[in-house]
Amino acid sequence: MNPRVQIVEGDITKQQVDAIVNAANTSLLGGGGVDGAIHRAAGPELLEETRKIGGCPTGEARVSKGYRLPAKYVIHTVGPVWAGGHKNEDNLLANCYRNSFKAAKDLKIKSVAFPSISTGAYGFPLGRATEIALRETKKFLETDKTLTKVVFVCFGEKALNIYKDIAKKVFGE
Ligand code: AR6
């Protein structure tokens, strides 16, 4: 495993990192799942700020402050809705990770935590999404020197086991 990558089970809103990534929708006005949990934990100031940002296209990322979260920043990205795999979903999901990493680099922060983007309400198959997430992470870390910690926060044991298995394949033992 890459020593800069951690896979944990838990709630992303509790992570002690510089930024957490939100699996948002194009409105950036909040929603269910991890987005709802992040807005609840951050408090109403987060919605005030994301309202001003004015939305985000699928695959891109936007930065806000973290307010009452332990994390200083939230990187909001919008994953693709799974439509069977023939609507460019793989590339769009890869763009979410690339653009979130780029945002983290621009912020000059050292640590970032990701949820499993698109794998809840948006229906992206978890194994396929995990492989994309970890391959993009490997690629980014090969050239980046700024991030010292990338945490994948798995919601439940099933997700944790899938991430651990795929990490072995992508990063080696
Ligand atoms: N911490 C970490 N992971 C979580 C948490 C949490 N607190 N809560 C859920 N997950 P989803 P999407 C996992 O549906 O598929 C929202 O309404 C969950 O198990 O949150 O990208 C937005 O506003 C799943 O694996 O995001 C959009 O409309 C993963 O987070 C839409 O859902 C993502 O599930 C986005 O759908």
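Okay, let's start with contacts, meaning heavy atoms within 4.5 Å: of those in the chain between residues at least 6 apart in sequence, 69% join residues at least 24 apart. Quick caveat: this is a predicted model, where local features need pLDDT of at least 70 and side-chain atom pairs count only at pLDDT 80 or more, while totals for chains, interfaces and linings use all residues. Numbering runs from 1 along each chain as its sequence is written, and side-chain values use heavy atoms, with hydrogens and water left out.

So what's in the chain? You'll find 5 helices and 6 strands, taken as DSSP runs (H or I, at least four residues; E, at least two) numbered from the N terminus. Their order from that end is β-β-α-α-β-β-α-β-α-β-α. Of the 173 residues, 49% are buried, that is, under 20% relative accessible area with a 1.4 Å probe, protein chains only.

Now the aromatics. Rings of Phe, Tyr and Trp (its six-membered ring) pair if their centres lie within 6.5 Å; planes under 30 degrees apart are stacked, over 60 edge-to-face, the rest tilted. That rule gives 6 aromatic pairs. Take Tyr97 and Phe114: they're tilted, 5.1 Å centre to centre with 35 degrees between the planes. Tyr97 sits in helix 3 (residues 89-106) and Phe114 in strand 5 (residues 111-114), so this pair ties together parts 17 residues apart in sequence.

Phe114 also pairs with Phe152, stacked this time, at 5.7 Å and 20 degrees. Phe152 belongs to strand 6 (residues 149-154), 38 residues away from Phe114. Both of these Phe residues are buried.

Last one: which residues form one aromatic cluster? Tyr97, Phe101, Phe114, Phe140, Phe152 and Tyr163.

Conventions: Buried < 20%, exposed > 50% of the residue type's maximum accessible area, 1.4 Å probe, protein only.
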